[in-house]
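Here is a protein model to work through by question and answer. Look it over before reading on.

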Amino acid sequence: MNVNKDLNYAFALSRQCLRILGVWPDPLVSLSEFQRPNIRFIVVTCILSLYVFVPQMTNVILAWGNVSRMVEYLSSANYSLMALCKLFGTWYYGKALRTVMASVITDWTTSKNQERTIMLNIARRGRILSFRCYASMLCTVLVYIFFNILKFIRSISQTQRSLVFRFILPYNIQKSPNYEITFFIQLSGGAYTGMINSTVDSYISILLLHICAQLINLRTSLNNLVDELAEGSISSSIFKKGLAAITTRHEHLIRNTKTINDCYSSVLLVHMLAATFQLCFESFQVFTIITSNMDVSILKLAFLSFYLVLVLTHLYIYCYSAERLSTESTNMAYGVYECKWYDISSKDAKNLMFIVHRSTVPLKLTAGKFGTFSLEMFGTTMKTSMGYLSALLTLMD
């Protein structure tokens, strides 16, 4: 069994992209080497901070009072803030995430044929979500690059050249090659923003779905163990040893989920709030363009439409994977009920209550301490963002 091949199948693009960004929590790298900030991580962080986020936030302040301009600048600043938080969070909690990845490698190494089949089925669902996320990101980034390349071609021969994100820098940007270098740094910063958001979102989602697969395997093992005891294939002492191993494994999965949640809970609070406003901002821009009959190129309208789909996709994969995790964790208790506990002795049946009790509280992915990701949250976020859109349109009137 090729573990590296399995990891490539399960994590697909997210592992390669995290390596490009310099934040892949590789358990095979020595801890001393891993703790040093990667040069790629430093470069990307500086580009996003100095050439995307700071310019757009400055433009928000300068455009104060002009709602349309403020929304346009806040939109890109908001999205870049999400990317910065996710990138920094993945790097900062890299040591904790290494332990989770080591556990994932162990799961693929020690899995049996039936268990591996279930893991591959769940991983296939994660790959589909991941590819959808990357596909929407790629469409958005390609339109974004094409739109700005046309802008660059028009500006290159003018005396007053315009950047991707307007900003006053401490050097003469109108002079070549300063202008060309600055323009393409800002262009790459926008592309990095989409790449980081898509990569980290896919990575977290696949980790959660991997834990779902382990919970399904654990429930199957528990059912098989109880059935063997009921049929008299094993003794009570062997049953207790097997049940102890299942309980220990269950606790291990709970700890892994808690580790993932602790690493990303604060980041996902930023994501939830930012996504709510992002949906509002993008919807506002599209609505304004359509209702005001503005002379806007089809490229910009396509970019805004893809952008809106991208934000929705990011939010959905979190809500779907968290909902699946919550369902599978509570299914452990139902698994105990569905097995042949009535055919074993009352003393052995009472031991099953430890797992039932531990499964009463579902595993979850939280946004700080203010919300739990679920499909219900997806709908609530949509309704909230539309409420903010209504308020923005009222301000315009």
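## Helices, a pocket and a proline

Asn148 is found in helix H7. The model is predicted.

Q: Is Asn148 buried or exposed?
A: Buried means under 20% relative accessible area. Asn148 has 5% relative accessibility, so Asn148 counts as buried.

Q: Which backbone oxygen does the side chain of Asn148 reach?
A: The contact is at 2.8 Å. A polar contact needs N or O atoms within 3.5 Å.

Q: Which helix supplies the largest share of the lining of the largest pocket?
A: This pocket has a volume of about 1000 Å³. Its lining has 39 residues, and Asn148 is one of those nearest the centre, along with Glu72, Lys151, Val164 and Phe165. H4, H5, H7, H8, H9 and H10 each supply at least two lining residues. The largest share, nine residues, comes from H7.

Q: How many residues of that lining are charged?
A: The lining of the largest pocket includes 16 nonpolar and 15 polar residues. The charged ones number eight.

Q: How far apart are the end C-alpha atoms of helix H10?
A: H10 has 41 residues, 298–338. At 1.5 Å a residue, H10 should span 60 Å. There is a kink of about 35° in H10, centred on Met332.

Q: Where does Pro177 lie?
A: Most peptide bonds are trans. The bond from Ser176 to Pro177 is cis, with omega near 0°. Pro177 lies in the loop between helix H7 and helix H8.

Definitions and conventions
Residues are numbered from 1 along each chain as its sequence is written. This is a predicted model: local features need pLDDT of at least 70, side-chain atom pairs count only at pLDDT 80 or more; totals for chains, interfaces and linings use all residues. Side-chain values use heavy atoms; hydrogens and water are left out. Helices (H or I, at least four residues) and strands (E, at least two) are DSSP runs, numbered from the N terminus. The expected span of a helix is 1.5 Å times one less than its number of residues. The bend at a residue is the angle between axes fitted to the seven residues ending there and the seven starting there. On a 1 Å grid over the protein atoms alone, a cavity is a set of points where a 1.4 Å probe fits but cannot get out, and a pocket is an open set with protein on both sides within 12 Å along at least five of seven lines; lining residues have an atom within 4 Å of a point. Grid points are joined across faces, edges and corners, and a volume is the space filled by probe spheres set on the points. Ala, Val, Leu, Ile, Met, Phe, Trp, Tyr, Cys and Pro count as nonpolar, Asp, Glu, Lys and Arg as charged, and the others, Gly among them, as polar. Buried means under 20% relative accessible area, exposed over 50%, partly exposed in between (1.4 Å probe, protein chains only). A polar contact is a pair of N or O atoms within 3.5 Å; within protein, one must be able to donate a hydrogen and the other to accept it, and residues adjacent in sequence count only if both atoms are side-chain atoms.
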